[in-house]
Amino acid sequence: MPLLELDHVSKQFGGLLAVANVSFSIDEREIVSMIGPNGAGKTTAFNCVTGLFLITRGEIRLDGHSISGVPPHRITTLGIARTFQNIRLFSYMTAVDNVMVGAHWWMKERVWDGAFTTPRSRREEREVERRALDLLDQLGLAGYAGSYARELPYGLQRRLEIARALATRPRLLLLDEPAAGLNPQEKNELMALIAQLRDEGLTVFLIEHDMRVVMEISDRIVVLDHGEKIAEGAPAQVRENPQVIEAYLGTGASKVMHTA
Amino acid sequence: MLRGLFRPVQRVSSTGVYTILTVTAAALVLLGWLLPWFVTAFSEGVGFSPQDAVSSAPTGIGTFLLYVTGVCMLIVLLSPIVEAVQRLRHRPLGVRSDAVRAIAGVVGLVLTVVVWILVRWANEEPLFGTLGNSPVTNSAVWLEMYAFALAAVVYGLKPLVLSRPNAMFAATALPLGALLPLMFHQAPDFVLWATQSLAVYMLLGLGLNVVVGFAGLLDLGYAAFFAIGGYACASLASPVHGVHISLFLLIFIGAAIAATFGAILGAPTLRLRGDYLAIVTLGFGEIIPDLATNNALGLTGGPNGISGIDTPRIGPIDFSANPQWFFWALITLSVIVVILLRNMQRARIGRAWVALREDEVAAAATGINTTTSKLLAFAIGASVSGLAGAFYGAIVSIVSPDDFSFAVSIAVLSIIVLGGIGNIAGVVLGAFVLTFVIFWVLPNLNQWSTTFGHNFNVPAISGIDFTRYTFIIYGAALILMMLFRPAGLLPSRARKVELESGIESESLSAVQGLS
């Protein structure tokens, strides 16, 4: 059974059909990329999966159970974590606090535990803090634990967002343009990280514009254009697909002015 | 704990002079605390109370000198605090301010001696009632010495305060503690101010800070929760329904009732943010006192309110006999509330609130239930006002709709804006400063100006009613704070940067297209 399934999903904003009847599925421990020109509906599809948008038609299933209409925080607890295209860290929380927010839903500490700093709460806070620091360490953010998220360099902010997502104990990780704005070396590190996460049992679903990253790490690629899925398959297949080439390059763009 | 660990600590070396000054001054302050136990009863009507000044009609130069000394004292007393704040802003004070402080210090000391001589040998009468029959007349001088001692303590503790944010917190509590001996010695109206205004508004400020400061939900109708707490406790401890529950049970009941209403009133505002939320809460703030005025369900006693509220007693301690007990009870309560709120701020729920304030969408996508977190903020904030309401009723023994007007909401909001939104220490300081100005200085200014006009034969001054300027002060405080120190007197570190960069985050429901 696939881990995530989009079954004829549509999302309409007024007269605009941002996602039109899209169906595909993602198996466990797979790395799937979603590509397409700007405005193709990729991020909208992400928002539908994570419950930020209520879908207009169709159904989204996780492990065969419908998650349409489930609120975003519940979807996180079901094992889907995400990052955002325009980084959405808690800017004025420290890096370690950002990661600890990711642990929020599975922490057992109740409000009164926190208020009275019961031994249970202290133990758990320490434990979660240790884990958060470990996670930062593994993502190469060890020296930045006490810095505000905002103060971090851009590349590290992207990574901190992944760390925060990982702290929610996901099975499926959604990355929205994780390579955007990274230099070639950072991109290599990112690819290594994604491969490592898959080896650890995670499923990764990403939106990416950088074709080198997409072609190198994806098991499968889904191509959207104008909200519709125009192609799906292994990188080599998608690369050769004439529809994909047309969507990206247009029909003889350089000749338009001549013929007119 | 975590924050302190990672925050770069800036060490400032402490010199020997500091240490000596601090130890000496601390001893003086301690003496000030212990003095009431050694000095026997004072003569009647004697106190640092302007009413006394008026009733005994001081006419001499001593009164005037005391005013001047008071100003010098304030300069010396406040300068280390100003300096500490400026240092935190990386704008150390220049030589000129040192000179001002030095001049004020010397003038103040000289005048203290002069006043003392006037009092001892010239039988001049400064502010302190009848001379000659009580040692308390000396306390004019003692008061000055005390203030200088306090200034020295603050000055001496400066290096400590500058290097440790937590010490900053302790330092803000110092003025309160330092004024206690004054209270014991002197005016009953001071006790009244400290309980009815300072402690109650401090609790309200702490409660509102949870909603506005931690969770970032602007609530302009916080007085509604205060009203609910106040009325709930008044109904359960007065002849009006024939129920008499002990205040110490009642504070929990009041907190629970206010928390429930906090959640109920919070629920419709969940999808709102910023301006819209503010307007809706403003509505609540108007509706609740209106319901009370109209005697809703026959519970509130209409425009006259509920009177004859029981005064609490624990065993032999009768609160009505000595209002100081209110002060002690309220201070204990405030300390407990501060500790609990600080713990919460640093725990799981505190992080959730900050995350919610920073970016609601990201918070939801990170697994935070925005609905329950917001409702919890409303409920916990309201429950603190329930505590305040219970005590308020017991202190003034009558609650009426006028006590919970929009002015109260604005006062509480001004307190947290003035002190530092999101910072508990800031709220404590803000409550101290604002209630001191609004509820003690302003009413007393009337008396002082009368005395002054009387002394110098300027009738125009003696006729001014300063309490009418309360709202001007709120307004001026808010405008000046927003212009010059938008993060408050004692800003929380995060909030400061945030306000300076002016980020506005969008609401979850706006992203979801629900509102």
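Where is F404(B) found in chain B? In this predicted model, for which local features need pLDDT of at least 70, side-chain atom pairs count only at pLDDT 80 or more, and totals for chains, interfaces and linings use all residues, F404(B) lies in the loop between β6 (398–399) and α16 of chain B. Residues are numbered from 1 along each chain as its sequence is written, while chains are lettered from A and ligands numbered from 1 in the order in which they are written. Helices (H or I, at least four residues) and strands (E, at least two) are DSSP runs, numbered from the N terminus.

F404(B) is buried, with 28 other C-beta atoms within 10 Å; here a residue is buried if 20 or more other C-beta atoms, placed from the backbone, lie within 10 Å of its own, exposed if 12 or fewer, and partly exposed in between. Although F404(B) and F226(B) are 178 residues apart along the chain, their C-alpha atoms are separated by 7.0 Å. When neighbours within four places in sequence are left aside, F404(B) is in contact (C-beta atoms, placed from the backbone, within 7 Å) with A223(B), F226(B), A227(B), G230(B), I288(B) and P289(B).

Axes are lines fitted to C-alpha atoms, for helices over the stretch in contact, and angles run from 0 to 180 degrees between N-to-C directions. The crossing of α16(B) and α19(B) is left-handed, a crossing being left-handed if the near helix is turned anticlockwise from the far one by less than a right angle, and right-handed if clockwise. I410(B), A411(B), S414(B), V417(B) and L418(B) of α16(B) make the contact with Y474(B), A477(B), L478(B) and M481(B) of α19(B). By class, this contact of α16(B) with α19(B) has eight nonpolar, one polar and no charged residues, where Ala, Val, Leu, Ile, Met, Phe, Trp, Tyr, Cys and Pro count as nonpolar, Asp, Glu, Lys and Arg as charged, and the others, Gly among them, as polar.

In chain B, the axes of α10 (residues 247–266) and α15 (residues 370–396) come within 6 Å and cross at roughly 140 degrees. The crossing of α10(B) and α15(B) is right-handed, and the residues of their contact comprise 17 nonpolar, eight polar and one charged.

Chain A contains eleven helices and ten strands. Its radius of gyration, 20 Å, is close to the 18 Å that the globule rule gives for 260 residues, so chain A is as compact as a globular protein of that length; the radius is taken over C-alpha atoms, and the rule is 2.2 Å times the number of residues to the power 0.38. Along the principal axes, the C-alpha atoms of chain A fill a box of roughly 75 × 40 × 35 Å. Of the 260 residues in chain A, 47% are buried, and among contacts between residues at least 6 apart in sequence, 67% join residues at least 24 apart.

Helix α1 (residues 42–49) of chain A is mostly covered, with eight of its eight residues buried, and is followed by G51(A), whose phi is positive, near 85 degrees. Most residues other than glycine have a negative phi. R29(A), in the loop between β2 (16–26) and β3 (31–35) of chain A, has a positive phi near 60 degrees and counts as partly exposed, with 16 C-beta neighbours inside 10 Å. H226(A), in the loop between β9 (220–225) and β10 (228–233) of chain A, has a positive phi near 50 degrees and is partly exposed, with 15 C-beta neighbours inside 10 Å.

The axes of α3 (residues 95–102) and α6 (residues 154–167) of chain A come within 6 Å and cross at roughly 30 degrees, in a right-handed crossing. Their contact has seven nonpolar, two polar and one charged residues.

Between the chains, 37 residues of chain A are in contact with 31 residues of chain B. On the side of chain A that touches chain B, the largest share, five residues, comes from α3(A), and the residues of this side comprise 17 nonpolar, 13 polar and seven charged.

Key. Contact = placed C-beta atoms within 7 Å.
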